[in-house]
Amino acid sequence: SMDTIIIRDLAVAYHVGVTEAERAQAQRLLLSLEIGRDLAAAADADDLSQTIDYYAVCQRLLHFGEGRNWKLIETLAYEIAALVRTEFLATAVSVEVKKFVLPETAYVAVRVAR
């Protein structure tokens, strides 16, 4: 069975944008993740080591942008999905990256699922 750990709208500051000028300053993004994994063993044992530690995922993502930049939020979303699958052993993950750059919109976003 597939259970889901949800992280909604984690605020991070990453350097992202097509132009160098846009990438020059870190900008606020909101990251939402749905992380799939069978949580039965963790629930049965009431044991954090048997699940994915959402605090650890958030801490990793808060620091993921340090010394890095991306032109596209598509690239960023793919890299975050890969990180969660490999470092945290998720069975599946969906990642949504919200960006606040167009004043006519609440936000623009990309969502990827792996």
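Buried means under 20% relative accessible area, exposed over 50%, and partly exposed in between, with a 1.4 Å probe and protein chains only. The model is predicted: local features need pLDDT of at least 70, side-chain atom pairs count only at pLDDT 80 or more, and totals for chains, interfaces and linings use all residues. Residues are numbered from 1 along each chain as its sequence is written, and side-chain values use heavy atoms, without hydrogens and water.

**Exercise 1.** State what share of the 114 residues in the protein chain is buried, and give the order of its elements.

*Solution.* Start with burial. Buried residues make up 39% of the 114 residues. Next, list the elements. Helices (H or I, at least four residues) and strands (E, at least two) are DSSP runs, numbered from the N terminus. The chain has 4 helices and 5 strands. Their order from the N terminus is β-α-β-α-α-β-α-β-β.

**Exercise 2.** Find which residues of helix 4 are buried, and where they lie around the axis.

*Solution.* First, locate the helix. Helix 4 spans residues 73–87, 15 residues in total. Then pick out the buried ones: Ile 73, Leu 76, Ala 77, Ile 80, Ala 81, Leu 83 and Val 84. Now look down the axis. The buried residues of helix 4 fall within an arc of 160° (directions from the helix axis to the C-beta atoms), so they line one face. The general rule: an α-helix has 3.6 residues a turn, so residues three or four places apart point the same way.

**Exercise 3.** Name what covers this face, and say what follows helix 4.

*Solution.* Search for contacts (heavy atoms within 4.5 Å). The cover of the buried residues includes strand 1 (3–16), strand 2 (27–37) and helix 3 (54–63). Strand 3 (69–70), strand 4 (92–99) and strand 5 (108–113) are also included. Last, step past the helix. Leu 89 follows helix 4, with a positive phi near 55°.

Note on methods: The expected span of a helix is 1.5 Å times one less than its number of residues.
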